[in-house]
There are 2 protein chains.
Amino acid sequence: MTGTLHGVGLGPGAPDLMTLRAARLIGGAAVIAYPALAGAPSFARAIAADLIAADAREIVIDLPMRTDRAPAQAAYDAGAAAIAAELDAGCDVVCLCEGDPFFYGSFMYLFARLAPRYRVEVVPGVTSVTACAARAGRPLVARNEALCVLPGPLPDAELRARIAGAETIVIMKVGRHLPRIRALLDGMGHLAQAVYVERASLPGEVVLPLATAPDDAPYFSMILLTKGADPWL
Amino acid sequence: MTGTLHGVGLGPGAPDLMTLRAARLIGGAAVIAYPALAGAPSFARAIAADLIAADAREIVIDLPMRTDRAPAQAAYDAGAAAIAAELDAGCDVVCLCEGDPFFYGSFMYLFARLAPRYRVEVVPGVTSVTACAARAGRPLVARNEALCVLPGPLPDAELRARIAGAETIVIMKVGRHLPRIRALLDGMGHLAQAVYVERASLPGEVVLPLATAPDDAPYFSMILLTKGADPWL
């Protein structure tokens, strides 16, 4: 009997925004896997730290801080092999995922490698999208409104076309693209409707009108644009 | 001291997919509010039922099964007034919301009425979007891919334009629009990449290729289209 791989969403960062199912699986896990970036402490592990058993075995997927793909592919290959060895030995593995495993999550690369051969269960999590909306006090979409989630690194022309095509827009991975995106939204007449959120639900959380947000945004920051919800039904 | 209104996301339906924070707030609540549709049992209350204290006061927001706005507005007005009376008396109120309160949720209408006057805290929840992706085994978006969430009742021309503009598309509120949307996706060459999900995470869950889904879909059903994720990084 091979084991089951659980890809477990942890939510946006506050430990109590993980689901009851995630907490139960993490607390009962004999083997935990998680990503870490270039040797830094793993954010995913930090969210779950209080639940991890003292004698759990831990598989660290150490991702290089590089934009070329080959080193990251090698890291996922090695992580998948270590997880597969535990599954082959009949042990379940709980893989910790910031946010939701299938929403811009590194778990997707482990899933691609392991789902063809092993039983994989995915536990969805609260995404940063609704966590940011909650903290900003900004309802996202109602009735027949459309929501578009866009990565900030997309070029201006693509951003502009997609921003025009939905009532509510969430721009992820803002980082160093903030000044460019702010100028673009200003040019479209949307600056006053846009809010900037950083570290939603965590200590050091920042919620500001985009107009007054600092130029040097971290990678995990977000812009939320709601054009004109009709909140009164 | 007036009380605080907590808008609490419950997730997609399985009780253990609510967050630890939601469970703590519900378990400790002296006053609970929730929507119910036309006198039917409340789905939101059913998700949370095991956590609600036996002596909790319950405010039912009984929504009419009508498409015109006035009767629903009156129901939200009455619900907001009942909640405001508890808050004025110094009691906190926990309002139960299927999914996430700010994502196509009826809580948005209570928020519009009460947030200007009272302290309101929103607890984000797992949405049906990531719950459906988890159950279908379909990673949603990676890297610089865009995700678009569309309500099924939108007319064909709008659906077509927006489907063309994103790598991954989630179509909510499918219901009786299923045959029309299926024909549209077929015409765009996307039928083979589309999956149909109904009652994700609940007993009676259905996950099918869209090509073989039944014509008579319930309102709470979803179509998930992933055009071409590159899962290997």
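Modeller: Two strands pair if DSSP finds at least two bridges between them. Strands (E, at least two residues) and helices (H or I, at least four) are DSSP runs, numbered from the N terminus. This is a predicted model: local features need pLDDT of at least 70, side-chain atom pairs count only at pLDDT 80 or more, and totals for chains, interfaces and linings use all residues. Residues are numbered from 1 along each chain as its sequence is written, and chains are lettered from A in the order in which they are written.

Biologist: Which residue is the bridge partner of B:A194 in strand 10 of chain B?

Modeller: B:L225 is that partner. Strand 8 (residues 194–198) and strand 10 of chain B pair in the antiparallel sense over 5 bridges. Strand 7 (residues 168–172) of chain B also runs antiparallel to strand 10 of chain B, joined by 4 bridges. There, B:I171 stands opposite B:I223.

Biologist: Which way do the residues of strand 10 of chain B point?

Modeller: In a regular strand the side chains alternate between the two faces of the sheet. Here B:S221, B:I223 and B:L225 point one way, and B:M222, B:L224 and B:T226 the other. A residue is buried if 20 or more other C-beta atoms lie within 10 Å of its own, exposed if 12 or fewer, and partly exposed in between; C-beta atoms are placed from the backbone. In strand 10 (residues 221–226) of chain B, 6 of the 6 residues are buried, so the strand is largely enclosed by the rest of the structure.

Biologist: Which residues of chain B other than glycine have a positive phi?

Modeller: Most residues other than glycine have a negative phi. B:A38 has a phi near 55 degrees, and B:Y104 has one of about 55 degrees. B:A38 is found in the loop between strand 2 (31–37) and helix 2 (43–48) of chain B. B:Y104 is in the loop between strand 4 (93–97) and helix 4 of chain B.

Biologist: Is B:A38 buried or exposed? And B:Y104, buried or exposed?

Modeller: B:A38 counts as exposed because it has 9 C-beta neighbours inside 10 Å. B:Y104 has 23 other C-beta atoms within 10 Å, so it is buried.

Biologist: What does B:F102 touch?

Modeller: Two residues are in contact if their C-beta atoms, placed from the backbone, lie within 7 Å. Not counting residues up to four places away in sequence, B:F102 touches A:T130, A:A133, A:A134, A:P139, A:L140, B:M108 and B:V122. B:F102 is in the loop between strand 4 and helix 4 of chain B. It counts as buried because it has 31 C-beta neighbours inside 10 Å.

Biologist: How many residues of each chain are in contact with the other?

Modeller: 52 residues of chain B are in contact with 52 residues of chain A. Strand 6 of chain B gives the largest share of its side, 5 residues. That side divides into 38 nonpolar, 9 polar and 5 charged residues. (Ala, Val, Leu, Ile, Met, Phe, Trp, Tyr, Cys and Pro count as nonpolar, Asp, Glu, Lys and Arg as charged, and the others, Gly among them, as polar.) Strand 6 (residues 147–151) of chain A runs antiparallel to strand 6 of chain B, joined by 3 bridges. A:V149 stands opposite B:L147 there.

Biologist: What rotation superposes chain B on chain A?

Modeller: Copies are superposed by least squares on the C-alpha atoms of residues with pLDDT of at least 70 in both. The rotation is 180 degrees, with 0.0 Å of shift along its axis (RMSD 0.0 Å). That is the relation of a two-fold axis. The copies meet through the same surface, because 100% of the interface residues of chain B are also interface residues in chain A.
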